[in-house]
Amino acid sequence: MIAAEPRRILVLTGAAAPFSRTRSVAELVCRETAGAGSTSVLRDLAEYALPLLHVEAENSSGLADLRAQAERADGMIWVTPCYHGSYSGILKICLDHLRADALRGKPVGVVAVGASLTAVQASEHLRAVARALGCVTAPTQAVVVDDKRTWGKDMDPGTHHRITRLILELHALAGATTLLRQSAATADTLSAAEHS
C-alpha cells in the first residue's frame with residue numbers, strides 16, 4: 001500500500017479489558033497504516049480513567065491527551081468490541097468528551113470485533129455517531145469475527161482486505177476533508193466578521 005501523502009491517523013480502541021482481541025486488531029490497523037506510509041497513534045481506552053461527561057472532566061490528563069490527539073489527527077479509526085449489540089461504553093465516553101470542532105469534517109473508519117457477523121450492528125451504530133459529530137465515514141467498514149474457533153488464528157483474508165481498503169479510503173478522504181475543513185473555517189471567519 002502506498003499513500004498519496006503521509007497522514008496522521010488516531011486509532012482508538014474501545015475494549016474495557018487490556019490485552020484484548022480488540023487491541024490486537026487495533027495493532028494490526030496500526031501496522032497497515034504504517035504500510036500505507038502514514039503515522040498511526042494508538043490510544044487504548046482501557047489504559048485511561050475517563051470520567052463521565054460533566055464530571056470533573058477538565059482535570060483529566062488522559063482526556064487532555066485524547067483531545068490533543070484528535071485535534072492533530074488527519075483521520076481516525078475507531079476499533080470496538082461488540083457489547084450487547086452495540087459499541088463499547090468506554091468508547092462512547094471518550095467520544096462524548098472530544099470537541100466537536102476537532103472532529104467536524106474529519107474522516108473516520110470503523111472496525112468492529114465480535115463473536116459473529118452480528119457485530120456489524122456495533123459498526124453501524126458508530127457510523128451514525130460519527131455522522132452526528134460531523135465526521136465523514138469511510139465507505140468500507142470491517143467486522144472481525146472472533147469466535148472460539150478463530151481465536152489466536154490468522155485473520156480471514158477477506159476481513160484483512162477490508163481493513164486495508166478502509167485505510168486507503170481514509171487516506172483519500174483525509175486529503176479531501178482537509179480542504180473541506182479549511183473552506184468551512186474560512187466561511188466561519190467571514191460570517192463572524194459580517195456579524196461583528
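Reader: Of the contacts in the chain with a separation of 6 or more, what share comes from residues 24 or more positions apart?
Author: This is a predicted model. Contacts here join heavy atoms within 4.5 Å. Among those with a separation of 6 or more, residues 24 or more positions apart account for 80%.

Reader: How many helices and strands does the chain have, and in what order do they run?
Author: The chain has six helices and six strands. Read from the N terminus on, the order is β-α-β-α-β-α-α-β-α-β-β-α.

Reader: What percentage of the residues count as buried?
Author: The chain has 196 residues. Buried means under 20% relative accessible area. By that cut-off, the buried share is 48%.

Reader: How much accessible surface does the chain have, and what part belongs to carbon and sulfur atoms?
Author: The accessible surface comes to about 9900 Å². The part that belongs to carbon and sulfur atoms is 56%.

Reader: What distance does helix 1 reach from its first C-alpha to its last?
Author: Helix 1 spans residues 21–35, which is 15 residues. At 1.5 Å a residue, 21 Å is expected. The model comes close to that, with a reach of 21 Å.

Reader: Which residue just after helix 1 takes a positive phi?
Author: Helix 1 covers residues 21–35. Its buried residues include Val25, Leu28 and Cys30. Just after the helix, a phi of about 90° is taken by Gly37.

Reader: Why do the buried residues of helix 3 lie on the same side?
Author: The buried residues in helix 3 (residues 89–97) are Ile90, Leu91, Cys94, Leu95 and His97. They share one side of helix 3 because they cover an arc around the axis of only 160°.

Reader: Which elements do the buried residues of helix 3 pack against?
Author: Ile90 and Leu91 are among these buried residues. Their partners include two strands and two helices: strand 1 (8–13), strand 3 (75–81), helix 2 (61–72) and helix 5 (120–132).

Reader: Is Arg7 buried or exposed?
Author: Arg7 sits in the segment before strand 1. Leaving out residues up to four places away in sequence, it touches Ser38, Thr39, Asp74, His171, Ala174 and Gly175. Its relative accessibility is 12%, so Arg7 counts as buried.

Reader: How far from Arg127 is the nearest side chain of opposite charge?
Author: Arg127 lies in helix 5. Beyond four places in sequence, its contacts include Val110, Pro139 and Gln141. Arg127 is buried, yet has no salt bridge. A salt bridge needs a nitrogen within 4 Å of a carboxyl oxygen. The nearest opposite charge is on Glu124, at 4.4 Å.

Notes: Residues are numbered from 1 along each chain as its sequence is written. This is a predicted model: local features need pLDDT of at least 70, side-chain atom pairs count only at pLDDT 80 or more; totals for chains, interfaces and linings use all residues. Side-chain values use heavy atoms; hydrogens and water are left out. Helices (H or I, at least four residues) and strands (E, at least two) are DSSP runs, numbered from the N terminus. The expected span of a helix is 1.5 Å times one less than its number of residues. Buried means under 20% relative accessible area, exposed over 50%, partly exposed in between (1.4 Å probe, protein chains only). The arc is that of the directions from the helix axis to the C-beta atoms. Accessible areas come from the Shrake-Rupley method with a 1.4 Å probe; for residues, only the protein chains shown count as cover. Lys and Arg count as positive and Asp and Glu as negative; His and the chain ends are not counted.
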